[in-house]
Amino acid sequence: MSRNVKIIITESSDVIRRGLVSILGRLHPFHAEISEASDFETLTTSLARGGFDIIIINQMIAGPQLKQLQKEAPAGPVKFVGLQTSLADSAVLRSFDASISLYDSADQIREKIIKLIRRPDSDTRHQTLSQREKEVIACVVKGMTNKQIADVLCLSTHTVITHRRNISTKLDIHSTAGLTIYAIVNKLVELEEISGG
Amino acid sequence: MLNKGIYDADDSMSLLVSNHYRMLLVLSRFGIGLGFAEKTIDEVCSDYGVDTQTFLAVTNMLLDDECVPLPAPEICPRSLLAYLYNSHEYFLGFRLPGIRRDLVDVLGDPDDELNRAVIRYFDEYVDQVRSHMRYEEETVFPYVLSRIEGNYCGEYTIDEFSENHDQVEARLTEFKQILIRYYPAEGSNELNSVLFDIFNCENDLASHNLVENRLLVPAIRKLEESWKGNS
């Protein structure tokens, strides 16, 4: 299902900030929850509350404090996006995970942000599935509950849930019906085993 | 206050439709037929008993989804409800069944296990859309109606709806992805045509949700506030 993405935009110009808010308001298929900060101080106050996925910041505001921010960003996949409002030194922009320019189109901006969200934080995405994960899929497709899967594979329920979460991330499939299609195509199950088939 | 939308009441209806053919969907959901000759949007709307401001609010929002109308445009909730009912009927009674029919044709062998899984996925999805829309028709819309009539005395508020309003198109996005990535078919005109339909339907469902979130919810919230002021 669609995921919430928390974004904070740090930019002193109301016009530019509001424009970005409006563009990022439609980040299909994600739902963007957007906060605004007009200066560095407001940003740091908001960051203290945590939970942001993406920090968009005018590279002039970030300046030399960017390194510090990145160091302090809570352990996790926080991405920094530089907002380029004037000609910038490319060395400065390199320290960001991505950069957007005032002259990017709305679609370009959305595309850049979506790419960032989709980019794996620890390269789990698009790796091939482990043998264990394939076994878990086979069980899910057969209609087994987490508890039953845990018993059959001699795992804890907690581990099964972790496996299922990783499978969803790797394949970008979040429903059992979707996993069934995947399992059939990749021959992870004997056909007669599929529940409800 | 100036209406900053793209089209206004005095623009020609035929101009709107020939420039934006997708607005045909909006016309039929408001119950407006073709053949409007040189009439303006306002004239056509009053011919069909449709509130012109509501019609404009929907079309302008769909044409420019970047623009967040502030303050919420003056709309007639009753006209908007009629639109939403027809829109539900369009998806459940026409669009999704049509896609299913074409999908069955394109997939071929109905006993093939993979084909059955694909159809089952689609059917589960349609069931979700149906229960999503039934909830609106059985709970939300009657609530809105009784609000309009001023005789509601329960605890329900529109926030309850907007907080739980899921994006009904999200799973269609997943379905499309699965077909593209995993369905082992040779590219064919027929398959492309079904995929195009799914892409379009996904957009239409997103637009439908946008109308509910950006027009219906703010209008009802305003009504709730005025109600609170009166009681």
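Modeller: In chain A, β1(A) and strand β2 (residues 31-37) pair in the parallel sense over 7 bridges, where strands are DSSP runs of E of at least two residues, helices are runs of H or I of at least four, both numbered from the N terminus, and two strands pair if DSSP finds at least two bridges between them. This is a predicted model, in which local features need pLDDT of at least 70 and side-chain atom pairs count only at pLDDT 80 or more, while totals for chains, interfaces and linings use all residues. Residues are numbered from 1 along each chain as its sequence is written, chains are lettered from A and ligands numbered from 1 in the order in which they are written, and side-chain values use heavy atoms, with hydrogens and water left out.

Biologist: Which residue in β2(A) is the bridge partner of Ile7(A)?

Modeller: The partner of Ile7(A) there is Ile34(A).

Biologist: What about Asp204(B), which residue does its side chain meet in a salt bridge?

Modeller: Its partner is Arg22(B), at 2.5 Å from N to O. Because Asp204(B) belongs to helix α9 of chain B and Arg22(B) to the loop between α1 (13-19) and α2 of chain B, the pair ties together parts that are 182 residues apart in sequence. Asp204(B) is buried at 5% relative accessible area, whereas Arg22(B) is partly exposed at 32%.

Biologist: And Lys176(B) with Glu202(B), are they buried or exposed?

Modeller: Both Lys176(B) and Glu202(B) are buried, and their salt bridge has its closest N and O atoms 2.8 Å apart. Lys176(B) lies in helix α8 of chain B and Glu202(B) in helix α9 of chain B, so parts 26 residues apart in sequence are tied together.

Biologist: Now the interface: how many salt bridges does the rule find across chain B and chain A?

Modeller: It finds 0 there, although the two chains bury about 2300 Å² between them, 58% of it on carbon and sulfur atoms. Buried area here is the accessible area (1.4 Å probe) that two parts lose on being put together, summed over both. The contact, defined as heavy atoms within 4.5 Å, takes 25 residues from chain B and 27 residues from chain A.

Biologist: One last thing, where does Ala37(B) lie?

Modeller: Ala37(B) lies in the loop between α2 and α3 of chain B, where it has a positive phi of about 45° although it is not a glycine, and it is exposed at 53% relative accessible area.

Methods: Salt bridge = Lys/Arg side-chain N within 4 Å of Asp/Glu carboxyl O. Buried < 20%, exposed > 50% of the residue type's maximum accessible area, 1.4 Å probe, protein only.
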